[in-house]
Amino acid sequence: MHTYDAQVTLGAPQPLPDEAALDGVDEFLSTCCVTTDAWPHAPAAVDYHAAEGRSWRLSLSADGARTARIPTPGTMPATAPGEHPDAADASARGTASELVLALYGRIPVDALKLDGDRRLFDLLLAWDPE
């Protein structure tokens, strides 16, 4: 992220390398989003899909926020029993670089391909758990 910030300063930002970006999405979702503080809105599931083939689900509820990798097709679902892995309330698609840059606020979320309840992305940005 720091390299990207320096590139922006020089006026020549480049996409992050795929593996670093994929790790960045995983790290952001598992460290910055996971909390036991109650989600103050209706329960929701938000999926993030990287063009490089990895996907994550952020589940929001009164129990807080948790994240899980969504496995590739043909493997066990990462969701709770009875929960369909494609039943997200909203989803964001882009390259891993675009996803991690949006998560860290370096590019607007609207730069991604958004589906479903786009309002959830605004609620997530405004949410400040303890």
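**Exercise 1. Find the accessible surface of the protein chain and the share that belongs to carbon and sulfur atoms.**

Solution. The accessible surface (Shrake-Rupley method, 1.4 Å probe) comes to about 7500 Å². Carbon and sulfur atoms hold 54% of that surface. Keep in mind that this is a predicted model, where local features need pLDDT of at least 70, side-chain atom pairs count only at pLDDT 80 or more, and totals for chains, interfaces and linings use all residues. Residues are numbered from 1 along each chain as its sequence is written, and side-chain values use heavy atoms, leaving out hydrogens and water.

**Exercise 2. Work out how the strands are arranged in the sheet.**

Solution. Then look at the edges: E3 (64-70) and E5 (113-116) each pair on one side only. Finally, zoom in on E4 (residues 90-94), which pairs with E5 in the antiparallel sense over four bridges. Arg93 has Lys113 of E5 as its bridge partner.

**Exercise 3. Explain why helix H3 is largely enclosed by the rest of the structure.**

Solution. First, locate H3 at residues 96-103. Now check burial, where buried means under 20% relative accessible area (1.4 Å probe, protein chains only). Ala96, Ser97, Leu99, Val100, Leu101, Ala102 and Leu103 are buried. Seven of the eight residues are buried, so H3 is largely enclosed. Just after H3, Gly105 takes a positive phi of about 75 degrees.

Conventions:
Buried means under 20% relative accessible area, exposed over 50%, partly exposed in between (1.4 Å probe, protein chains only). Helices (H or I, at least four residues) and strands (E, at least two) are DSSP runs, numbered from the N terminus. Two strands pair if DSSP finds at least two bridges between them.
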